[in-house]
Amino acid sequence: MQFEWIKIPLSLMTLFIVFNYGMLMTAFVQKISARIGRRHGIPIYQNYVDMIKNYALRSSITHGVMFYLGPVFRLTGGIGLLLFVPSIYGSELFSNLSFSGDLILAIYFVFFGTLGMALGAGESGHPYAAIGVTRGLAQVTTSELPFALAVFAIALQYQTLSITEIVAAQQGGVANWTLFTNPFAVAAAMIAFLGSMMRPPFDVVLAPQEIPIGPPTEYHSSYLALMQTNRAIFPIAKTVLFMNLFFGGASNWPVFFLKVFLIYMVSVFVGVAFPRFRVEQSIRWFLIWGLPLGILGIMMA
Amino acid sequence: MNKDMKEELKIRTVKGPDGLEFEVEPLRDYYCEAAPTVQTGAYTAIVEKLFNWARAESIWILGFGTGCGAIEMRPLMSPRFDAYRYGVQGRPTPRQANLFIISGYLSVKTLKRVIRSYEQMQNPKYVIGLGSCTINGGMYFDSYNTIKRLDDYLPVDLYITGCMPRPEALLAGVIELKSLIRAGKGEGANLYAKNFEWYKANQKRVIHDWDMPDYNW
């Protein structure tokens, strides 16, 4: 197959749209929760200001090579995930760099940032960072289990590893979505989704009250700004993957924005309703509830 | 080097997991001794102006309360005062914080921790002295173990008077600090670097069990 060079600027355009959408959406979600608490909340552009501020700090210190590479790996995970998943179905412009085996690559990219962060935070030498990383890896690994099972289930169901073909198979009405053709796989995947969004009840990794913010404790100025950039991109990229696999994809940008927002809000709603899990509780919860659902999903497929 | 230094800070020989023995000097190996340097914004004026605006609109407070004023910092985040709308956030680690609020009296023991935390913050950084105790000792003016003038030990950008100031006063102070930063006057970190010797001498005059390097990070 001939590689078309025009795809590079086009996927950068997707990146630009998703980045701004992520910055504004996370601020918007914070704004909603502020209004619920009868506060005004942050200005909607606050995320941009924070990021400019962090890039503008004059001094920064380093703890070694991996300390540099940690945020870079994390950002690579976010951007990679976004670029190898088609964001708009049926659109030549925004199919990004998707190819026939992209599902496998996408699963890899979901985990990639966490690993990079673990190496970088480990090198920072701060005990809180080490505790945070241990917790994070344990939790993310178990939450990946139901997700992997769900992905196997739909790969079996649609007999393909291409995300574009999976989205194509779900077209023609809500009833064709994986959500309704294989609800167990979707339930397992949504459990995994909650686990990887760093919101309560699964935010013990960051735990601002006991181990001040965990892995990024030592990160500052432009390192932190890189991670903030990833904070805007990565959750959206992950949500896009879920939207494509389970909720019928999106055929234009308004539908894309709406679906991503709604799927993102699932984790927000669960977060405000339930208190925080300890790590052993969350691991047990993933294994007891996520794993059987994933296996049921495979059997249905 | 201090005679009665803590046991864990003395030079010792450690045997590694591979059987190799090596010497560890905690003060030199675990900390950096390079003194801070004056950092100027090497940008054109308009970029520096943009950065100053961003610094003013995004103030991250270090979650470190020293005296009774610590209790006045908490309500800022509550619905009644809602400091978030001014771009103010709490931050649990000094690495990411820009503003250090010395909230009330400062005992010598706490001063040591304050200096360490302050030095871990990144340039540019700001200090607010909250309450009379940071200005002239306040009601602790004749106490043997509190410092009287904060400005002798850290470069203070702004004082807020009162004993204790209400959260409204603190919020007004933060907004005043924002206008200072926007005008490019929030250069406390550079002042500290420039007069480093003087600040260190003052700090060492009151802290008798000085068992840390002169500059931590």
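**Helix packing and chain contact: worked exercises**

H3(A) and H9(A) are roughly parallel to each other, where angles under 35 degrees count as roughly parallel and over 145 as roughly antiparallel. The model is predicted, so that local features need pLDDT of at least 70 and side-chain atom pairs count only at pLDDT 80 or more, while totals for chains, interfaces and linings use all residues. Residues are numbered from 1 along each chain as its sequence is written, and chains are lettered from A in the order in which they are written.

**Exercise 1.** Describe the packing of H3(A) against H9(A).

*Step 1.* The axes of helix H3 (residues 65–83) of chain A and H9(A) cross at roughly 25 degrees and come within 8 Å. Axes are lines fitted to C-alpha atoms, for helices over the stretch in contact, and angles run from 0 to 180 degrees between N-to-C directions. Helices are DSSP runs (H or I, at least four residues), numbered from the N terminus.

*Step 2.* The crossing is left-handed, that is, the near helix is turned anticlockwise from the far one by less than a right angle; clockwise would be right-handed.

*Step 3.* Residues of H3(A), including Leu75(A) and Ile79(A), meet residues of H9(A), among them Ile233(A) and Phe234(A). Two residues are in contact if their C-beta atoms, placed from the backbone, lie within 7 Å.

*Step 4.* This contact has 14 nonpolar, four polar and two charged residues. Ala, Val, Leu, Ile, Met, Phe, Trp, Tyr, Cys and Pro count as nonpolar, Asp, Glu, Lys and Arg as charged, and the others, Gly among them, as polar.

**Exercise 2.** Describe the packing of H2(B) against H6(B).

*Step 1.* Helix H2 (residues 45–57) and helix H6 (residues 167–182) of chain B have axes 8 Å apart and pack at an angle of about 165 degrees. H2(B) and H6(B) are therefore roughly antiparallel to each other.

*Step 2.* The crossing of H2(B) with H6(B) is right-handed.

*Step 3.* On H2(B), Asn52(B), Trp53(B), Arg55(B) and Ala56(B) meet Lys178(B), Ile181(B) and Arg182(B) on H6(B). By class, three residues of this contact are nonpolar, one is polar and three are charged.

**Exercise 3.** Determine which elements of chain A touch chain B.

*Step 1.* In the contact between the chains, 28 residues of chain A face 20 residues of chain B.

*Step 2.* On the chain A side, helix H2 (46–56) and helix H9 (221–246) each give two or more residues. The largest share, six residues, comes from H2(A).

*Step 3.* This side of chain A has 13 nonpolar, nine polar and six charged residues.

Terms used:
Parallel < 35°, antiparallel > 145°, perpendicular 65-115°, else oblique.
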